[in-house]
Amino acid sequence: MSADIDELRRLRRARDQMDREYAEPLDVPALARTALMSPAHFSRRFREAYSETPYSYLMTRRIERAKALLRRGDLSVTDVCFAVGCSSLGSFSARFTELVGETPSAYRAGDHDDLRAVPACQTMVLTRPRRHSTHPRAEESSFGEASVAAPA
């Protein structure tokens, strides 16, 4: 097996961990350990393989899950923020607005009846968050306030 295929498998293992454990506090060093790489090498290779940083990928997953919870309508925006693993309501709201194009409150208040008849697997595709901001956000590779561990 080539080194590239092995490396992609290890990167996929870390990506799958983010998919499963999106609500947990994750950071690049822990994800790099999952992929058996140094944090810097992991961040570089993840971005090359998936065209986004580990932080961006995790936040997209979190916002994706947040959208589903907000559509249910039984949780407050604050409850959803913490349920998906974010630690700051302001940062969660800013990132949600950047990716979805409207605030979490506006999204929650919206009419989502048209999605009730759509199978869940299709709903995921139809509602996948996409960047709406005209100013690309700088993605830090260190793990401080703007990191996977403490989502912005």
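**Salt bridges, helix packing and loops in an all-helix model**

In this predicted model, the side chains of Arg45 and Glu48 meet in a salt bridge, with N and O 2.2 Å apart. A salt bridge here is a side-chain nitrogen of Lys or Arg within 4 Å of a carboxyl oxygen of Asp or Glu. Arg45 and Glu48 sit three residues apart in helix α3, so about one helical turn separates them. Arg45 counts as partly exposed because its relative accessibility is 23%; the cut-offs are under 20% relative accessible area for buried and over 50% for exposed, with partly exposed in between (1.4 Å probe, protein chains only).

A word on conventions. Residues are numbered from 1 along each chain as its sequence is written, and side-chain values use heavy atoms, with hydrogens and water left out. Because the model is predicted, local features need pLDDT of at least 70 and side-chain atom pairs count only at pLDDT 80 or more, while totals for chains, interfaces and linings use all residues.

As for the overall layout, the protein has eight helices and zero strands, so read along the sequence it goes α-α-α-α-α-α-α-α. Helices (H or I, at least four residues) and strands (E, at least two) are DSSP runs, numbered from the N terminus. Of the 152 residues in the protein, 38% are buried. Among contacts between residues at least 6 apart in sequence, 65% join residues at least 24 apart, where contact means heavy atoms within 4.5 Å.

Back to charges: a search of the whole structure turns up seven salt bridges. In one of them, Arg10 pairs with Asp6, and the closest N and O atoms are 3.2 Å apart. Both residues belong to helix α1 (residues 3-20), where they are four residues apart, about one turn of the helix. Arg10 counts as buried, because its relative accessibility is 15%, whereas Asp6, at 30%, counts as partly exposed. Another salt bridge joins Arg61 to Glu64, with 3.3 Å between the closest N and O atoms. Arg61 and Glu64 lie three residues apart in helix α4, again about one turn, and Arg61 and Glu64 are both buried. An α-helix has 3.6 residues a turn, so residues three or four places apart point the same way.

Just after α4, Gly73 takes a positive phi of about 80°.

The packing partner considered here is helix α6 (residues 89-100): α4 and α6 pack at an angle of about 90°, and their axes are 10 Å apart. That angle is why α4 is described as roughly perpendicular to α6. On the α4 side, the contact is made by Tyr55, Ser56, Met59, Thr60, Ile63, Ala66, Lys67 and Leu70, and on the α6 side by Phe92, Arg95, Phe96, Leu99 and Val100. Sorted by class, the contact of α4 with α6 has nine nonpolar, two polar and two charged residues. In this sorting, Ala, Val, Leu, Ile, Met, Phe, Trp, Tyr, Cys and Pro count as nonpolar, Asp, Glu, Lys and Arg as charged, and the others, Gly among them, as polar. Axes are lines fitted to C-alpha atoms, for helices over the stretch in contact, and angles run from 0 to 180 degrees between N-to-C directions. Angles under 35 degrees count as roughly parallel, over 145 as roughly antiparallel, 65 to 115 as roughly perpendicular and the rest as oblique.

Two loop residues have a positive phi without being glycine. Leu36, in the loop between α2 (28-34) and α3 (39-50), has a phi near 55° and counts as exposed because its relative accessibility is 63%.

Finally, Thr34 is in helix α2 and is partly exposed, with a relative accessible area of 22%. Leaving aside neighbours within four places in sequence, Thr34 is in contact with Arg13, Ala14 and Gln17. Thr34 and Arg12 are 22 residues apart in sequence, and their C-alpha atoms are 9.7 Å apart in space.
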